[in-house]
Amino acid sequence: RIPVKSITNNIETVEQAINIAIHDWNMYERSWDFQGSQLITGEKDLNISYQRWNTKNKNILEKMKLLEEENNRLFIDAYGLADELTPDVPIDKITLTVNPAYRYKGLSAEDQQTKFQRDTILEFLSYSTGCIMGRYSLEHPGLILADSQESQEVNLTSYEAKVGKQISDTKFKPDFDGIIPILDGEWFEDDIVARTREFIAVVFPDSSVAENLRFIENSIGKDIRKYFCKDFYKDHLQTYKKRPIYWMVQSPTSGFACLIYLHRYTPETLLQVLNDYFRPYLQKLEARLTLLDLDQVNDSLSKREQIAARKEAEKINKVIKECQDWEKEILLPLAQKRIKLDLDDGVKVNYLKLQDVLAKIPGLKAKGEK
């Protein structure tokens with residue numbers, strides 16, 4: 001009794017449109033069926049890869065536009081609405097994520113492309129971080145480590161089983177302990193920027209890392225270290241709707257910060273942060289402070305250099321004081337508790353168990369979903 005006509009000659013059109021939409025959804029991390037970055041296709045460098053991917057997207061959009069208009073035409077003809085409606089579909093009505101006109105309505109065409117390029121490169125950096133953490137791998141599509149384990153050794157054994165080879169034989173190796181320092185300088189060999197450079201070198205071996213980094217920084221509009229220190233976690237929270245999978249262990253004013261991965265967390269993780277990164281970092285700062293104290297009284301240096309040394313020393317002293325208080329009052333006591341997490345409880349419940357050492361997430365304490 002429902003007044004709907006049976007239209008069977010549009011089945012193929014609808015199926016094609018659905019397949020395109022599914023493929024579009026799966027190109028982004030928020031999909032459980034995400035396979036990997038669309039920018040890793042064997043091109044010479046990241047710039048070329050992005051330009052070719054962008055061209056491919058334009059072809060997909062044109063195809064989707066034709067399919068939707070054909071579908072409209074079939075319905076208009078079936079219901080005799082040719083005098084009332086047109087089959088035309090404006091480009092900003094094509095609801096695909098690869099469509100800048102849809103994602104950034106209200107911006108000029110040029111600004112849409114600029115923002116689309118920026119966001120695409122940020123998605124590439126998010127994927128590279130996932131490969132560093134072991135969530136993804138260049139050796140195998142889709143999720144690799146996405147379940148809690150009792151130890152890092154078991155984690156890495158699971159990684160090898162999933163990718164089908166020893167870690168020593170992989171092109172890009174996941175971080176051993178799943179703890180990635182994010183600091184204002186390269187104080188550790190496995191810090192986020194150092195590992196990202198390594199990732200770029202593996203993915204684009206036929207071009208220089210400097211060239212690819214220049215394209216990344218031009219696309220995102222800032223130095224890559226500044227991005228990871230200031231903006232990466234905010235973007236991660238936005239992508240995962242305030243339910244992050246990478247957690248930022250952070251002192252009150254960010255004097256120390258590192259990422260840990262929820263699915264590689266063990267009761268020993270915070271002790272590893274404390275002993276393998278936090279305390280060595282303080283030792284490095286103290287050694288740097290000793291050199292700066294000498295520079296301030298070194299007559300062979302210019303007055304400008306001496307002033308710069310004094311200012312840096314003042315900054316480091318503040319960081320050391322902040323970190324020492326944080327260790328004594330918060331980090332050490334919480335690490336010694338060796339808190340266990342249960343993934344079945346959801347991100348919200350687990351995050352709150354460690355919230356005293358983690359970056360604050362506005363609204364996380366509110367009642368509602370896990």
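Predicted model: local features only at pLDDT ≥ 70, side-chain atom pairs only at ≥ 80, totals over all residues.

Residues are numbered from 1 along each chain as its sequence is written, and side-chain values use heavy atoms, with hydrogens and water left out.

An open sheet of 3 strands runs in the order β1-β3-β2 with antiparallel pairing. Here helices (H or I, at least four residues) and strands (E, at least two) are DSSP runs numbered from the N terminus, and two strands pair if DSSP finds at least two bridges between them. The edge strands, each pairing on one side only, are β1 (179-181) and β2 (246-250). On average, neighbouring strands of this sheet are turned by 25° against each other, direction ignored; axes are lines fitted to C-alpha atoms, for helices over the stretch in contact, and angles run from 0 to 180 degrees between N-to-C directions. Helix α4 (residues 109-133) packs on the sheet and touches β1, β2 and β3, its direction making about 70° with that of β3. Contact means heavy atoms within 4.5 Å.

Between β2 and β3 (residues 257-261) there are 5 bridges in the antiparallel sense, and W247 stands opposite I260 in β3. The hairpin of these two strands has 6 residues between them, and there S254 takes a positive phi near 65°. Because 4 of the 5 residues of β2 are buried, β2 is largely enclosed by the rest of the structure. Buried means under 20% relative accessible area, exposed over 50%, and partly exposed in between (1.4 Å probe, protein chains only).

The pockets come next. On a 1 Å grid over the protein atoms alone, a pocket is an open set of points with protein on both sides within 12 Å along at least five of seven lines, and lining residues have an atom within 4 Å of a point. The largest pocket holds about 1100 Å³ of space, a volume being the space filled by probe spheres set on the points, which are joined across faces, edges and corners. Its lining comprises 44 residues, of which Y28, E29, R30, E123 and T239 lie nearest the centre. Two or more lining residues come from each of α3 (100-103), α4 and α9 (232-239); α4 supplies the largest share, 9 residues.

The second largest pocket has a volume of about 700 Å³. Of the 30 residues that line this pocket, C229, K230, T253, S254 and G255 are the closest to its centre. The most lining residues, 6, come from α11.

Which residues of helix α12 (residues 346-353) are buried? They are G346, V347, K348, N350 and Y351, and the buried residues of α12 pack against α9 and β2.

Finally, L125 lies in helix α4 and is buried, with a relative accessible area of 0%. Leaving aside neighbours within four places in sequence, L125 is in contact with T196, I216, I224, Y227 and F228. L125 and D231 are 106 residues apart in sequence and 12 Å apart in space, C-alpha to C-alpha.

Note on methods
1 Å grid on protein atoms, 1.4 Å probe; cavity = no way out; pocket = protein on both sides within 12 Å on 5 of 7 lines; lining within 4 Å.
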